[in-house]
Amino acid sequence: MADARRIVVKVGSSSLTTAAGGLDADRVDALVDVLAKYTGPGGRPDAEQGEALQKEIVLVSSGAIAAGLAPLGLPRRPRDLARQQAAASVGQGLLVARYTASFARYGRRVGQVLLTSDDTSRRAHYRNAYRTLEQLLAMGAVPVVNENDTVATEEIRFGDNDRLAALVAHLVRADLLVLLSDVDGLYDGNPASPGTSRISEVTGPRDLDGVDIGSAGKAGVGTGGMVTKVEAARIAAAAGVPVVLTSATYAADALAGAATGTYFHRTGRRAAGRLLWLAHASTPRGALTLDAGAVRAVVQRRTSLLAAGVARVEGDFSAGDPVELRDEQGVAVARGLVNFDAKEIPQLLGRSTPELARELGPAYEREIVHRDDLVLLDN
């Protein structure tokens, strides 16, 4: 942890705002005070070497909707998407302005990056997101990332910023992900109940067998809960990024490498970037049912999906959209980016690629889903 040079830090709404909505400037400043010590010229002095260890920090910050509640006279977080988007529109500007002013006390610049899952599962958009974040870091700015709540529809939302943070950590090739909450780690039960204790380390999924994590929170100003943080930690750890889950109060300890919160060890290696987004951040716009031979080819031999193996198509999607690939029992076995519109596929079902090329032209001499745009799902 102490040696991590590129760190993604995620902070939730409850750590930045008041219970009634609106930014808490003191809380924002307290967080920035910690982050600024580890970035920019000088960085954190190393006790043994006497050298300055500069870290690159990407901040994934919730709080846009919560910050917009009070200015719009909303007593609580609205349930409908339109008013959430309106609150985000007002609140996002206030949030970034507060960060800009707070980091300016240390001579640090801030860059806003708003993402939807649609931006990051498509090849060109994914590359653009990566280049933007890399350039901001190279130029000494602190990227402040949030979901683009103002325009995101239900179909293209990440759903929670914990998952977004895990995916951003993979995107920027981070050495560490720090999830800051209002709880100082993962407990083996309700932290408010007597007899529960904090879990200091998680080496793999089996360590959490029998642990009551609870459900995603929907009350107050945020949408997350411990379950979303554990899921985010699982995603990041499986992609080769270790995770620290702790309270915003102990952010300095987490960045310094001190023992705090719950530490999730790596459980896998870094995967192809877009495939991680496709598996965890995309919402299928339709489904393709495969015959048994196509299922074996896709799952066991890791081949592309050809028209000859598709038995049925469902949904209304366009070329480039994510779709589910299902077996004949309706079980989703994979997810991929489709190369044809839904209305085009029925005429292709069960036909070989050479046949389609002869009858319909060279534009149809390609896969329904290419293996580079396909990820297998755990069932």
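Biologist: How do E13 and E14 pair?
Modeller: E13 and strand E14 (residues 310–315) run antiparallel, with five bridges; strands are DSSP runs of at least two residues, numbered from the N terminus, and pairing takes at least two DSSP bridges. Gly286 sits opposite Gly315 in E14. This is a predicted model, where local features need pLDDT of at least 70, side-chain atom pairs count only at pLDDT 80 or more, and totals for chains, interfaces and linings use all residues. Residues are numbered from 1 along each chain as its sequence is written, and side-chain values use heavy atoms, leaving out hydrogens and water.

Biologist: And what about E13 with E15?
Modeller: E13 pairs with strand E15 (residues 322–326) in the parallel sense, over three bridges. There, Ala287 is opposite Glu324.

Biologist: Is E13 mostly covered or open?
Modeller: Mostly covered: five of the five residues in E13 (286–290) are buried, meaning under 20% relative accessible area, with exposed over 50% and partly exposed in between (1.4 Å probe, protein chains only).

Biologist: Which residues of E13 point which way?
Modeller: Gly286, Leu288 and Leu290 point one way, Ala287 and Thr289 the other. In a regular strand, side chains alternate between the two faces of the sheet.

Biologist: Switching topic, why does Val90 count as partly exposed?
Modeller: Because its relative accessibility is 32%. Val90 lies in helix H3 (residues 81–104); helices are DSSP runs (H or I) of at least four residues.

Biologist: How much of the whole chain is buried?
Modeller: Buried residues make up 51% of the 379.
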